[in-house]
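Then follow the packing around them.

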Amino acid sequence: MPYNPKKIESKWQKYWEEHPDIFRAADPPAGGSEKPKKYVLDMFPYPSGEGLHVGHVEGYTATDILSRYFRMRGFNVLHPMGWDAFGLPAENYAIKTKTHPAVSVAKNIEGFRKQLKSLGFSYDWSREVNTTDQEYYRWTQWIFLRLFERGLAYESEAPINYCPSCATGLANEEVVDGKCERCGTSVEKKKIRQWMLKITAYADRLLRDLDELDWPDRIKEMQRNWIGRSEGAEIIFKLVGTKQNPPAGGDADHDLAVFTTRPDTIFGATYVVLAPENQLIHKLHGHIKNQPEVEAYIGEAKKKSDRERQEEGGVKTGIKLEGITAINPANNKKIPVFVADHVLEHYGTGAIMAVPAHDKRDFDFAKKFDLPIIEVISQDNKKHRLKEAYEAEGIMVASEQFNGIWNEDAKSRIIVWLQAHGLAKGVVNYRLRDWIYSRQRYWGEPIPIVHCSKCGTVPLPEEALPLTLPDVKTYKSSGTGESPLVKMDDWVNTECPRCGSAAKRETNTMPQWAGSCWYYLRFIDPHNEKNYVDPKKEKYWMNVDLYVGGVEHAVLHLLYARFWHKFLFDEGLVSTKEPFAKLMNQGLILGPDGQKMSKSRGNIINPDEVIENYGADSLRMYEMFLGPLEVQKPWDTRGIIGLWRFLSRVYNLVSEREILPDDNLPTGGTENDTKIIRNKTIKKVTEDIENFAFNTALSAMMEYVNELIAQTPRLRSGQANTKNIALSDAETLTLLISPFAPHLAEELWQEKLAHGESIQLAPWPAYDAGALEQKEVLIVVQINGKMRATFKAPIGTKEEVVMAKALEMEAVNKYTSGK
């Protein structure tokens, strides 16, 4: 019977549904010895209406292979799945269709779950969680309240993207080229009351503890850069021109503080630059001669994202503040003051000193605006006419008393010198900003806070959780940029839990990242109604042994989750400092055209169609065979046909040949001929799975199959056309392929090989190291340059013995006799 994946896969998916205990993780026993554990986790998917794409399948297949392998190695494996289901798409769909987000999310989850099961993934579905379930976000709110109690959650004004036409705040992904994705109106920055989480309080620990993690170097470097710890100085530049008759040295009321990591270059500072959002600009109102032009520039700058403003190679823009100058504290020279959008408000003080001779961006800006370029660091202690910024180390020049000193040594000396004059202080700065932890949306976790005119900001008591979302008539914004919840008077108006006076509920909701900050903990104990996780279970299962997901989450989800986990560790609520011991990133699967898959390009590959045509096992195998897990690779349908054919050969090899016990093989049977390659394959596949080299593991299995097919011994009974296979080979091949092609493996294991239970309950094959040692070599006999015979001889056989053996062979003797 030919290989029929559709029939086989539906059969075994039904079997797994009826036997869910096969994949269920066992929580630690109350007493006695504990089974070694493995916690293998996929990054939480957002259940979009579009369903799975083949990029999802790649990472999920990798973790499934490892989970199945670890179970067969005797580990207690926790491999759960759930849904990060709050988010913008569901709310936008609700606005468009007036469908409650919960309804569309439930439908999407149903579709996702069906797709995941169609791929044979061995998730423990008894632990499924959903961030939008009230019993889940009750504990998200509970953690928030603990953050609030410790002063790590606070209110502040922060900018949002605001569309004046839609009268609503926009997420970053809704802003395209500075315009609203919905209506095309130019987006503005609008400051609004926000909740913040003080992630900066953990900046040093988040940075330091990266060294302990088994993560890809590039991910750790991305986090280091995002945290952006830099040691330097905060230097005071006094401003001149802010009063009609300023005192000598400038107006102290309007001193400008700049942060720099390069105090050694201060003698080369020829201008200073303010971020467009810097509040000092407003204080200078009335002193700036070109105020209208400056305000117009600032308005345009606010339409750009931070990323656009800092793009390397972008057009340098800026405007000089006419009538305002600054005094360089190192040499008392007057220098111009600019506003430019490449300077960001939230880095340092929102102002920089510009040293064009030794910074590329400053050099380009100085060239555009015809500003002086003064060299103060020289590679050879000589002056040069610079054609580009010199950014390397060197000797101080044109720096008065610091001339001749190596610039690295000059940094601390200059800070001390400026400190003595009250013009500087040494500081540590971070690029990392506190996390804006609120959205002006309906579809998010309600923030469990009320605002009381008498008591101020008051947290809800724990027994009042969960605070649930009310039903609303419209999901549209309030028109002021605030949440739609502000219009729900019956819900907003409440009593203060502290004094009983009239109060109003917080109407901002939590961001989508909230629920995904701790879901790995809830998977451990998803049905606990008394605690967010049982401490004994947490101690047994944590850390997550392997976390797999896309590189795009490097500096948002991963950093936020680490922050929350460290806070929970400080509170004594978790037993480890870090949540994820090992991290792997799957590479992108590109479309057949070699470009990233997208609707607009029309190059998306739907896994449902692939499964319909070739089967889930073929899809799983193909995605692993494409190349190393972490690199990007293009999709090619011709490749999946090749994997389907390979699985068909495996099926035929085991199901159509007569399987003989190893001790009942005919002379020349496959046991002796395949013992070495069988053990080599076990060793290779085992090591490759452990090292995530799934593509080379498959290559080894293909070589093994080719060797088994090549061996076609005949039975002693004289049935000339009957082929057989050793039981040890049939079982080994089935076991090795089972993590990759689980449906086919179950069919062969339970039906053809007649085992009475799932292959997942079978032990992983062990290789015989002794069998890997080569005991014989092949001797090739040539006469006058032509091969006439071959034979095997034990390693170490003397040359004269080999020669005598060769000469005795009939195929050789007829050419050598009498000659």
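Four strands form an open sheet, in the order β19-β18-β21-β20, and their pairing is antiparallel. Two strands count as paired if DSSP finds at least two bridges between them. Strands (E, at least two residues) and helices (H or I, at least four) are DSSP runs, numbered from the N terminus. The edges are β19 (456–459) and β20 (493–495); each has a single partner strand, so one side of each is left without a neighbour in the sheet. On average, neighbouring strands here are turned by 40 degrees against each other, direction ignored. The axes behind that angle are lines fitted to C-alpha atoms, and angles between N-to-C directions run from 0 to 180 degrees.

This is a predicted model: local features need pLDDT of at least 70, side-chain atom pairs count only at pLDDT 80 or more, and totals for chains, interfaces and linings use all residues. Residues are numbered from 1 along each chain as its sequence is written, and side-chain values use heavy atoms, with hydrogens and water left out.

Strand β18 (residues 449–452) contains C452. Three bridges join β18 to β21 (residues 502–505), and the two run antiparallel. C452 is buried, with a relative accessible area of 6%. Buried means under 20% relative accessible area, exposed over 50%, and partly exposed in between (1.4 Å probe, protein chains only). Beyond its neighbours within four places in sequence, C452 is in contact with V458, C496, C499, S501, A502 and A503. Contact means heavy atoms within 4.5 Å.

Now turn to strand β12 (residues 334–339). Five of its six residues are buried, so β12 is largely enclosed by the rest of the structure. Strand β10 (residues 271–274) pairs with β12 in the parallel sense over three bridges. There, V337 of β12 is the bridge partner of V272. Strand β11 (residues 319–327) runs antiparallel to β12, joined by five bridges. K320 stands opposite F338 in β12. The hairpin of β11 and β12 has six residues between the strands, and N332 takes a positive phi near 60 degrees.

Which residues of helix α9 (residues 291–301) are buried? They are Q291, V294, Y297, I298 and A301. Seen down the axis of α9, they fall within an arc of 125 degrees, so they line one face of the helix. The arc is that of the directions from the helix axis to the C-beta atoms. These buried residues pack against α8 (280–283), α10 (306–309), β11 and β12.

Next come the nonpolar cores. Such a core is a set of buried Ala, Val, Leu, Ile, Met, Phe, Trp, Tyr and Cys residues joined through side-chain atoms within 4.5 Å. The largest has 103 residues, and W635 and F694 have the most contacts inside it. A second, separate core of 65 residues includes A25, A514, A561 and V574.

Last, the rings. The structure holds 48 aromatic pairs. Rings of Phe, Tyr and Trp (its six-membered ring) pair if their centres lie within 6.5 Å; planes under 30 degrees apart count as stacked, over 60 as edge-to-face and the rest as tilted. Y69 and F70 have ring centres 5.5 Å apart and planes at 55 degrees, so this pair is tilted. Both Y69 and F70 are buried. F86 and Y137 also form a tilted pair, 5.8 Å centre to centre with 50 degrees between the planes. That pair links distant parts of the chain, 51 residues apart. Ring pairs also link F144, F148, W195, W435, Y437, W513, Y560 and W564 into a cluster.
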